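This report is intended to be read alongside the coordinates. It treats the chains, their interface and selected local features in turn.

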Amino acid sequence: MDTTKSLIYDGSFNGFLTAVFVGFEQKLSHADIQCNQRAQNGLFSQTETIFTNINKAKRVWNGVKKRSSSAIKSIYFAFLSRQEGIEPLLYYYIQKLMGSIENKGTDFSDDYVLKINQLAHKVGREKHRMEAFVRFQKTKDDVYFANIEPDYDVIPLISKHFRNRYADQAWIIYDVKRSYGLYYNLDTVELISLDLTDAHVNSINKSNAFTNEEYQYQDLWNNYFNSTNIKSRINKKLHTQHVPKRYWKYLSEKKEAV
Amino acid sequence: MNFERIKEKLNILADAAKYDVSCSSSGSNRKNKDKGLGNASNGICHTYTEDGRCVSLLKILLTNHCIFDCAYCVTRKSNDIKRAAFKIQEVVDLTINFYRRNYIEGLFLSSGIFKNPDYTMERLIAVAKKLREEENFNGYIHLKSIPGASDELMYEAGLYADRLSVNIEIPTISGLKLLAPDKKHEDFAKPMLKVRNEIIRHKNEKKLIKSTPKYAPAGQSTQMIVGATGESDKDVMYSATYFYKKFNMKRVYYSGYVPVMKDARLPSIGTQVPMLRENRLYQTDWLLRFYGFSVNEILNDHHPNLDIDVDPKLSWALRNLHHFPVDINTADKRMLARIPGIGMRSVHKIMNGRKYRKLNWEHLKNMGVALNRAKYFIVCNSRYWERRDLDSERIKGMILQNSTGKFRNQYSNQLSLFS
């Protein structure tokens, strides 16, 4: 019996989990799960379109979580890397995890398991970077606004951090690359998509949308950033290693360097 | 708010505070209270200065006026520099506004000592109290314990701060006498001891009464200057160990002395900052705290100073070749952690991975083990391993030959042949 099949899902995480469910249901030993925006049909393989089903997705989620809570995190993070071909790898990982009681998804001597852990680690690092590198600018209508352009789609991962921290101010974090963002209205966080004519980057050009005070605080921050540097210990390589250049244009303290 | 005046003060008082190397904002567990501002938990470095150090807190002095005359300090009384002082409200406004823009994790407030220790400590506490009680600020606050401050004030400081620290600065008592004649060793120890006892007391009470307030949840830290008084690495690490044990320190920081003024007792201006030595001391510190080494294994009367050309773990292994080779597939965690080139992350991966199958070189390489160092000290599931009976000098030579190091140009003796 041929047990390879292409499963086409809608690109959402729940869609992916539904596809995993279907794969298990049909006892596929290899499931070539593909996102519909990238799908490529094999010459001889069968294809099935998956319709996202929350209940099926939940059963997979809970099943994996019962086995190992760190594995479910690795799966979600690695999924968000959106790397080509990640879905069949994750299917393999879940198969192994569910295959035996002892398996906790920590078999680091398995290349695929190691790969998924490394990818999850990369996405985790990007999440952490965004928690660090978001720079809010205060608009005239009292909303703290920030643009980001992360390597991976980390918006779903950072929502909780910012909601817990900035509970008493309205804020927007907007992913320019993926054209969507988070808006906290002092009560809940909602997903938004904006029609931005000019991206409000921290450039030297001032925008009318922000208060004058905003630019004075940016100026103070830049001054602080420069005074706290010890010139006799200069180490530019280490500096760019920690603050890679691709993030500079959104950091007010680096705006002159861009 | 007069931004120009604030800017001027900020430049002076941030410049004076930057020699304090502590930047940690982790280890606390303060939650956002009543939909207020901020929380403090894992610590985030929001940016890095061009010297490669992390910026996570707004690190400033309340004032750089000081009644003391410590030779190593920029703000000492006899140094002719611009002096400034913040008002309490100014520090509060700066902290809140920087925090709201996600620039910082919180405030690190230190101060020169004006009038007397208690008066200074009171002002520091006033800033923290205002932030916590009037602004409902739940971010990280690190306060300096002023040497000689009273027990009552130290108690109060811990109620608002996440971390308290006193900088011992000079690792030896004789050095302290030479460079800071106004300060007494007991003045440093007193606030540390009070804070340690309060932390223990609050932890015990918390077990019985849930509503016990937090007291300095991120503990205490201290800092030592290295390279100012000719102390040995052994002196530095033995006093660090003393502080870890006696005062339950969360961290001891080592700060390579940056020559900032002329003084016959100190290295002259232009002397290079001992950054490599600093690095080796931190490596040793990590070995003591996370790798299960005890200090006398690494530094003792026979080896009072750390090797400059190799890291302290490799140096220990070369002196103790009788423990090696270690079998990756059977060794216990303690021994795995002692292999050069294997860090705690790799130890974790090896411990997990070997449950499923026997590990070979390929596995180790993929896990991120630095085989160029580790290969001389291990055997694994492979017919190939280092069979030659090499002595430590040869191993060291081969490792140095097959690797590069960022500090290599500082100690390389390759060129000395023709110079």
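The sections below move from conventions to chains, interface and local geometry.

## Basis and conventions

This is a predicted model, in which local features need pLDDT of at least 70 and side-chain atom pairs count only at pLDDT 80 or more, while totals for chains, interfaces and linings use all residues. Residues are numbered from 1 along each chain as its sequence is written, and chains are lettered from A and ligands numbered from 1 in the order in which they are written.

## Chain A: overall architecture

Chain A contains eight helices and eight strands; these are DSSP runs numbered from the N terminus, helices being H or I with at least four residues and strands being E with at least two. The C-alpha trace of chain A spans about 70 × 45 × 35 Å along its principal axes. Of the 258 residues in chain A, 37% are buried. A residue is termed buried if 20 or more other C-beta atoms lie within 10 Å of its own, exposed if 12 or fewer do, and partly exposed in between, with C-beta atoms placed from the backbone.

The domain assignment divides chain A into domain 1 (4–125) and domain 2 (134–254); such bounds come from an automatic or database domain assignment. The C-alpha centres of these two domains of chain A are 33 Å apart. Among contacts in chain A between residues at least 6 apart in sequence, 68% join residues at least 24 apart. Two residues are in contact if their C-beta atoms, placed from the backbone, lie within 7 Å.

## Helix packing in chain A

Two packed helices are described by the angle between their axes and the distance between the axes. Helix α1 (residues 13–25) and helix α2 (residues 54–67) of chain A pack at about 75°, and their axes are 8 Å apart. Axes are lines fitted to C-alpha atoms, for helices over the stretch in contact, and angles run from 0 to 180 degrees between N-to-C directions. The two helices α1(A) and α2(A) are therefore roughly perpendicular to each other, given that angles under 35 degrees count as roughly parallel, over 145 as roughly antiparallel, 65 to 115 as roughly perpendicular and the rest as oblique.

On the α1(A) side the contact is made by N14(A), L17(A), T18(A), V20(A) and F21(A), and on the α2(A) side by I54(A), K56(A), A57(A), R59(A), V60(A) and W61(A). The residues of this contact comprise seven nonpolar, two polar and two charged. Here Ala, Val, Leu, Ile, Met, Phe, Trp, Tyr, Cys and Pro count as nonpolar, Asp, Glu, Lys and Arg as charged, and the others, Gly among them, as polar.

## Interface between chains A and B

In the interface, 39 residues of chain A are in contact with 44 residues of chain B. On the side of chain A that touches chain B, α5 (111–133), α6 (155–165), α7 and α8 (236–242) each supply at least two residues. The largest share of that side, eight residues, comes from α7(A). Its residues divide into 17 nonpolar, 13 polar and nine charged.

## Helix α1 of chain B

Helix α1 (residues 3–17) of chain B has 15 residues and should span 21 Å at 1.5 Å a residue; its end C-alpha atoms are 20 Å apart, which agrees. The expected span is 1.5 Å times one less than the number of residues. The buried residues of α1(B) are K9(B), L10(B), I12(B), L13(B), A14(B), D15(B), A16(B) and A17(B). They pack against α7 (212–227) of chain A together with β3 (57–61) and β4 (106–110) of chain B.

Leaving aside its neighbours within four places in sequence, L13(B) is in contact with I60(B), L61(B), N64(B), A84(B) and F86(B). L13(B) and S110(B) are 97 residues apart in sequence and 9.7 Å apart in space, C-alpha to C-alpha.

## Domains of chain B

Chain B is assigned domain 1 (3–298) and domain 2 (312–417), with 37 Å separating their centres, taken over C-alpha atoms. Their contact takes 10 residues from domain 1 of chain B and nine residues from domain 2 of chain B. On the domain 1 side, α8 (275–290) and α9 (295–298) of chain B are the elements that give two or more residues.

## Backbone features of chain B

A cis peptide bond, with omega about 0°, joins F324(B) and P325(B). P325(B) is in the loop between α10 (312–319) and β9 (326–327) of chain B.

N102(B) is not a glycine but has a positive phi of about 65°; N102(B) lies in the loop between α2 (88–100) and β4 of chain B and counts as buried, with 22 C-beta neighbours inside 10 Å.
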